[in-house]
Each structure stands twice: as C-alpha cells, then as structure tokens.
Amino acid sequence: MPVHNADIAAAFEEIAELLELGDENPFRVRAYRNAARVVAGLSLDLPAALAAGQDLPKLPGIGADLDGKIHEIAATGRCALLERLRKKYPAGITELLRLPGLGPKRLRALYERRISSLDALERAARAGKLADIPGFGEKTAQRLLEAARAHAQKKQRFKLAVAAQYAEPFARHLGAVVAGSYRRMKETVGDLDFLVVSDKPAQIVKRFAGYGEVKHVTAQGTTRASAILASGVQCDLRVVPKASFGAALHYFTGSKAHNIAVRKLGIARGLKINEYGVWKGKRRVAGETEASVYAAVGLPYIEPELREAAGELEAARRGELPRLVELADLRGDLHAHTRATDGRNTLREMALAANAHGLQYLAITEHSRRLTMAHGLDPQRLSKQIAEIDALNKTLSGITLLKGIEVDILEDGSLDLPDSILEKLDLVVGAVHGKFDLPRARQTERILKAMANPLFSILAHPSGRLIEERAPYDVDMLAIVRQAQRLGVALELNAHPDRLDLTDAHCRMAKAEGVLVAVSSDAHGVDGFDVLRFGIGQARRGWLERKDVLNTRPLAELRRWLARAAHAD
Ligand code: DGT
Ligand code: CA
Ligand code: CA
C-alpha cells in the first residue's frame, strides 16, 4: 500500500504518545515527536523518493534508528515497534490525548483504573468517579466530561497540506479534479470530493473502490461512491457526463452557502441550478463550464477561494471582484532559516533553492539568541552571518540574499537584539515565541511596542496559532493592523501549513486598512519553498491582489519600501 510522509509522521507521533504513556525515557519520546514534526514538514515525499531509489536527505535529529523506521514504514506500511506498543494498551487509548486538559500523566492515572475510552471516561465522570483520582478534582472532571462530549461530536479534519498528500496521487489515479473545501484552499478539509468526467461511470467507480489506499468502501452506486482511506481520510466520488461538468464542479466545490446564494439568483431568473446543469424547464441552458453557470445568472467567473458567501456575489455583480494574487507573482521570500540556527541547509543551498523556485531574492531571518533551543544568533554570530551573506552575494547570480533576522519579541515588547546590530540588516522580522498566555491588553501592548521600533519591518506569524493544535494568542488584531498601517510595517502570512496566519479574515482586514502582507515560507531547508502555494491559497481566500502582497515587488522596489519603512514615524 502506498505510504506518504503524513503516515510516517502519524506513526512517530503515536509511538511518542505510547512511550510517554509508558513513562519511558523523555529523550526517546522527544526524538520521536521531533521526527514526526520533521517528516510532516517535508515536501519531498520520502516513500516515493525511496521507491525511486533515491537516498534520503540528512534530516535533523533523525539518526540511524529513526532512519531505519522510515525505511520500514515506507516499504511495508507498518512499524513493528508501534504494533508492539499498541498491543500493550487498549485500542484507541491515544484518542483520549486529543482532549484538552488530558496529558500523559492524567491519562496514565485513568488507564490504571481501566478508563481507556471516551465512553468509559464519560461514564466514570457521570458516576462521580473521576474527582477522586489524585490530580483530577471536581473541576477537572467536569471540564473533561465537556471536552469528551465535544470531541465525540467533532469530525476529524485534516490540514490542507496533509490532505494534499493523499488527494493528489488519488486524483491522478482517477483522472479527477478535487472539488470541495480542498479546491477552495481551506486550512483544513473534512473530506475529499473527487469529480470525474466520463461516459463509463462504472469503470471509474471500480477504479475508485480498488485503489490501494482504500480501506473501506462505505457507499457505492452507479455514478458515485464513498470510501475511507487507510489514513482515515474520507473520500467522495462523483462521475458526470461532459455536458454537466461545470455545473457539477460548481456544485461540489461549494461552499454550500455560496451555492445556495447562486441558486437563489437562478430562481429569480426562472432557472433551476443543480449539479447536472442550469435548466429552463426541461432544457439545459448551461453547465458545461463553471463560467457558463455564473454567466447564466449574469455574473463573471468567481474564483473558488472566494466562494464563501462572504460578499463575493455582491462584488461580482458590481464588477469589483479582486484579481487574486498568484504563486507566479511572487518575486521573493522574506522569511527563511539556515544551519546557523534550526535550518537544515547552508546559505548558498538556500539561495540556489529559492532561485530554482523562480525567486529573485530571499531574506535570511534566523532566530535570535533568546531561542536557545533553536540555537538563536547573538550579535556576534549575526555579524558573522552578515559578512558571509555580503561575500556570498558577490558570487550569486539571479538571486540576492537579504540580511534579516526573526528577532524574538520579549515579554515587555523590547526586541531580543540591540538596535546597533539590527540597523546593519536589510530587514527586521519580529515574532512572539513565548509567553503566549498574557492577557489580551498586555499581549497587544507588547506587540504594538515591538512594532514601534523604527527598525521593525515585518511582524511574523501574527497570531501564533498552530492549526488544530494551539489556539492563537489573545490579541487585538485590529489594533495591530492599524499600528502596521501607521508605521509602515508589513504583516506576514506564514505559508507553513500548520500556521497560515494571518487568517483569511485578517488578510481582508489588512487590505481594508491599507497594510501590506508578506507571504513567507519560513523555510527551514531547501525543500521548504513548496509551501508558498498554501500561503498564496490563504492570501487568495483573503481577497489579496498582487499589489497587496509585499514580496510580489521586484527587489529594487522592495528595497525602496524597506528604506521607507525604516524611517516612517
Ligand atoms: P469539508 O469537506 O467539510 O471540508 O467541506 P466541503 O465544502 O468540501 O463540504 P462537503 O464535502 O460536505 O460537500 C462538498 C460540496 O458539495 C460543498 O462545498 C457544497 C456541496 N454540497 C454538499 N451538500 C450540499 C447541500 O446540501 N446543498 C448544496 N447546495 N450544496 C451542497
Ligand atoms: Ca469535502
Ligand atoms: Ca464530501
């Protein structure tokens, strides 16, 4: 069965959780957790690379043992260690770790009392048995009960980049377009909606059901089917004739709210719109292309990323749809790391990789000294890097490295490095990496103060959220956007698929207030630039055009902006 990076990462994460549950060596636990993160973040498909006979790249923190496990999972789809660990515990116990407030320590206490499933937890909580367990208490028990109920109702969603690992090969296998939230580039997707044009639907349905990654076919008809993949990803298939393709693509792309609004416009014109076409009585008047569906209701084509019933129909009617930014519009990247801190490659390797992605400039923005885990730079090491970049730039052609820093914003809003070194840089990217739980007013004040340093250029990952993992810190984003506008600071849209902040709504806020957005890769290695497409997807969901995105500007223009930004007051 074909395996993807996401499967390897999931296996490593589960191993880490089970080891932790067994109170094993914390270093070993951390090694697996780190490996999960590294593998999940790679754009190179490791199993595909191995199958093609390539050597694996050297990955940080992944030694011979973990390397062997990657080979094992890629080759067999299984991991002996994981299977051994699973046998030690009741099935699905790690599911409980998904509950907020239930870490390995508390889970161990539950497990020792034979409470090892959501159901059992709910029963124990209702019977008042939880509160007696050391480390729990009445309040915790109540919170857990609520969390368990919420969790039972919540459908699992997959991050867009993870979904992509499963969607793309399956779509190629089927000759399908992937519609739904995936096509709208939502941050997470609930399921994948495949659409195929064919006059022989039975063959396509068979091909779908027989795909190597399909674990369970949940529904099967003559023109449709549904299945769950081994990875847990749910898939829907629809097969339609060519004449219906546009109508079907429109219908299955959604969003539902957008569809309903379009259908209403149709009704007002005496038209019926469904997944088979646009109908006047029994006659199909449109539907072969999506554009024909929109034209039937008097509208221009609307890009999928805008289809959220969030003002796009009104904008379309007024002829004021944005001309959305595209990946090819990017001229550079303003956030990247190298081996000097927690990246994997050298300055030169990063420069060449950025160039291979069609970029003209790349800002090197290492962490600053406060982040000791990432081996952050102090003034001395940063000086050394500045000299290295100056020397390297003389030898590079087609790409320029910019001297930057991802300086830590300290708790009091000051920056982690003195102005005397920051002023030697081309740009200063600043970010919060700790003290996420300050109260809203203080968190906001902290960031506003950091931005007020005249050397400050770009605020990186402005909300600090990790999708499905860590909530954004509590800040007044409008205040930050307005501060950015006043001071000529840009806001980053971090393209890493775990982050993608700014959100779509924040992008619209920035645009409305006249603030530039930098769509940045945060690359930690030469394969880190592929994520830019997810950042552009989010920017498009946020209605951004080329002019709204800072790094669509050619280098000379960017330099003018940076000079101006540094002197705004
Ligand atoms: P997801 O899968 O939760 O991330 O979100 P979607 O948008 O992919 O939703 P999904 O997979 O349930 O359905 C795919 C599309 O099909 C949806 O975006 C719009 C269309 N659709 C589904 N159900 C309905 C419905 O009851 N009415 C209308 N008008 N459209 C629907
Ligand atoms: Ca879907
Ligand atoms: Ca679906």
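Colleague: How many Å apart are the calcium ion (ligand 2) and the calcium ion (ligand 3), and which residue coordinates both?

Modeller: The model is predicted, local features need pLDDT of at least 70, side-chain atom pairs count only at pLDDT 80 or more, and totals for chains, interfaces and linings use all residues. Residues are numbered from 1 along each chain as written, chains are lettered from A and ligands numbered from 1 in the order written, and side-chain values use heavy atoms, without hydrogens and water. The two ions lie 3.7 Å apart, and Asp191 coordinates both.

Colleague: Which protein donors does the calcium ion (ligand 2) have?

Modeller: Donors are N, O and S atoms within 2.8 Å of the metal (3.2 Å for Na, K and Ca); water is not among the atoms, so sites may look incomplete. Here they are Asp191 (O), Asp191 (OD) and Asp193 (OD), at 2.1 to 2.6 Å.

Colleague: Is Asp191 buried or exposed?

Modeller: Buried means under 20% relative accessible area, exposed over 50%, partly exposed in between (1.4 Å probe, protein chains only). Asp191, at 17%, therefore counts as buried, and Asp193 is buried at 14%.
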